[in-house]
Amino acid sequence: MEQNRFKSWALWTAIAALIIYVVKLSTGFDLGPIWDELAELLLPVLVGFGIINNPTNKTAM
């Protein structure tokens with residue numbers, strides 16, 4: 001049984017991270033220095049993981 005790509009938690013995490021990242025960059029919303037730095041590091045990593053993740057391949061991530 002193959003897993004549907006749209007039921008993948010990694011896909012939805014990546015989409016949420018991308019939306020948050022774009023809104024943060026476009027509006028200039030400031031959460032504070034620590035949270036801004038964390039967002040600058042973590043959100044692109046989550047988006048990248050969602051791009052390379054393939055839920056239909058059971059032998060890889």
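Author: Before we start, buried means under 20% relative accessible area, exposed over 50%, and partly exposed in between (1.4 Å probe, protein chains only). This is a predicted model, where local features need pLDDT of at least 70, side-chain atom pairs count only at pLDDT 80 or more, and totals for chains, interfaces and linings use all residues. Residues are numbered from 1 along each chain as its sequence is written, and side-chain values use heavy atoms, with hydrogens and water left out.

Reader: Is Trp 9 buried or exposed?

Author: Trp 9 has a relative accessible area of 62%. The cut-off for exposed is over 50%, so Trp 9 is exposed.

Reader: What kind of aromatic pair do Trp 9 and Phe 49 form?

Author: Searching the whole structure turns up 1 aromatic pair. Its ring centres are 6.1 Å apart; rings of Phe, Tyr and Trp (its six-membered ring) pair if their centres lie within 6.5 Å. Planes under 30 degrees apart count as stacked, over 60 as edge-to-face and the rest as tilted. With 35 degrees between the planes, Trp 9 and Phe 49 make a pair that is tilted.

Reader: How many residues apart are Trp 9 and Phe 49?

Author: Trp 9 sits in helix H1 (residues 9–27) and Phe 49 in helix H2; helices are DSSP runs (H or I, at least four residues), numbered from the N terminus. The pair links distant parts of the chain, 40 residues apart.

Reader: Which residues does Asp 36 contact, leaving aside neighbours within four places in sequence?

Author: Asp 36 is in helix H2 (residues 33–52) and is buried at 15% relative accessibility. Contact means heavy atoms within 4.5 Å. With those neighbours set aside, the partners of Asp 36 are Lys 24, Phe 29, Asp 30 and Leu 31.

Conventions:
Helix = DSSP H or I, 4+ residues; strand = E, 2+ residues; numbered from the N terminus.
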